[in-house]
Amino acid sequence: MYFFLLNLSLLDLGSISTAVPKSMSNSLWDIRSISYSGCAAQLFFIVFFILAEYSLLTVMAYDRYVAICRPLHYGTLMGSKACVRMAAAAWASGFLSAVLHTANTFSVAFCQGNTVDQFFCEIPQILKLSCTDSYLRVVWALVVTACLIFGCFVFIVLSYVQIFRAVLRIPSEQGQHKAFSMCLPHLAVVSLFFSTVVFAALKPQSLSSSTLDLVVAVLYSVVPPTVNPLIYSLRNKELKDALTKLIQ
C-alpha cells in the first residue's frame, strides 16, 4: 500500500505543478501569454498525470480487494515485482494517452484566434479555436478515453462490492472497523477524483461561462491533488490530534 501511495504522491505533485506555478507567475507578473510549445507541453503533462493517477487508483482498488478478500494469497498476487509492474502499467497508460491526445489536439487546424479562455491549456478550450470540421478525430480519442475511464470505474465499483461483502462477513466489530479504515481513504480519493472529472466532462453547454469553466477546471485539476495527501494522512494519529486541536 505504501509503495502505491508513493506513486500517488508523485503523480499528485506532478499534476499540481503543471498548471499552478505558471498561473501564479502570470498573476504576479501580470502577463497572459504562453508559447505554442509550452501550451502543448502543459496539455501533455496534465493529461499524463491525471490519467496515470486514475489508472493507479484502479490498481490500488485491486490491492485492497486482494488484501481483504484473498488475504492468504496476498504475498503471491501482490509481490514486489507484481506491484512494480502494475505501477509501471499505470504510468505507461497515462503516457500513451497523453501522447495520443496531445498529438491529436495539436494536429488540427486553428482558425478561431489564439486566446485560450482558461488558466491552463485544456483540450475543450483549445478545440474552441479549431476549425469546425477538423477536430472529429480528437473527439473520437476523447470518446475512447472516456470508455476506458468508465471501464476502470466499473472495475473499482465491483472490487468494492466484493470488499464490503467480505467485510460484513467478518464476525468481530474490531475486524470490520480495521478493514473499513483501510479502504475508506482510497474510496474517498476515488470519489473526489471521479466526481470532479465527471462534472467537468458532463457539464451542460447551456451552463458554460468563463467563471464556471474556471471553477470546474480548478475542481478537477487542483482540488484532488491538494486534498489527497490530507485524506491519507488522517490515518496518522499525530496528524489527526493536531487537526482536532486546530479545529477546536
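Student: How many cavities of 30 Å³ or more does a search of the whole structure find?

Tutor: One. Keep in mind that this is a predicted model.

Student: What volume does the largest cavity have?

Tutor: About 50 Å³.

Student: Which residues line the largest cavity?

Tutor: M1, F4, M60, D63, R64, M182, H186 and Y232.

Student: Which helices each supply at least two residues of that lining?

Tutor: Helix α2, residues 36-69, and helix α7, residues 173-202. The largest share comes from α2, with three residues.

Student: And how does the lining of the largest cavity split by class?

Tutor: Five residues are nonpolar, one is polar and two are charged.

Student: OK, pockets now. What is the volume of the second largest pocket?

Tutor: About 560 Å³.

Student: How many residues line the second largest pocket, and which lie nearest its centre?

Tutor: The lining has 24 residues. Nearest the centre are R32, I34, N114, V116 and C121.

Student: Which helix gives the most to that lining?

Tutor: Helix α1, with four residues. Both α1 and α2 supply at least two residues each.

Student: What about the classes in the second largest pocket?

Tutor: Its lining has 12 nonpolar residues, 10 polar ones and two charged ones.

Student: Let's switch to helix packing. What describes two packed helices?

Tutor: Two things: the angle between their axes and the distance between the axes.

Student: Are α1 and α9 roughly parallel or roughly antiparallel, and why?

Tutor: Roughly antiparallel. Angles over 145 degrees count as roughly antiparallel, and this crossing is at roughly 150 degrees, so α1 and α9 qualify.

Student: Is the crossing left-handed or right-handed?

Tutor: The crossing of α1 and α9 is left-handed.

Student: Which residues make the contact?

Tutor: On α1, they are L5, L8, D12, S15 and I16. On α9, they are P225, T226, N228, P229 and Y232.

Student: How do the residues of that contact divide by class?

Tutor: Six are nonpolar, three are polar and one is charged.

Methods: Residues are numbered from 1 along each chain as its sequence is written. This is a predicted model: local features need pLDDT of at least 70, side-chain atom pairs count only at pLDDT 80 or more; totals for chains, interfaces and linings use all residues. Side-chain values use heavy atoms; hydrogens and water are left out. Axes are lines fitted to C-alpha atoms, for helices over the stretch in contact, and angles run from 0 to 180 degrees between N-to-C directions. Angles under 35 degrees count as roughly parallel, over 145 as roughly antiparallel, 65 to 115 as roughly perpendicular and the rest as oblique. A crossing is left-handed if the near helix is turned anticlockwise from the far one by less than a right angle, and right-handed if clockwise. Contact means heavy atoms within 4.5 Å. Ala, Val, Leu, Ile, Met, Phe, Trp, Tyr, Cys and Pro count as nonpolar, Asp, Glu, Lys and Arg as charged, and the others, Gly among them, as polar. On a 1 Å grid over the protein atoms alone, a cavity is a set of points where a 1.4 Å probe fits but cannot get out, and a pocket is an open set with protein on both sides within 12 Å along at least five of seven lines; lining residues have an atom within 4 Å of a point. Grid points are joined across faces, edges and corners, and a volume is the space filled by probe spheres set on the points.
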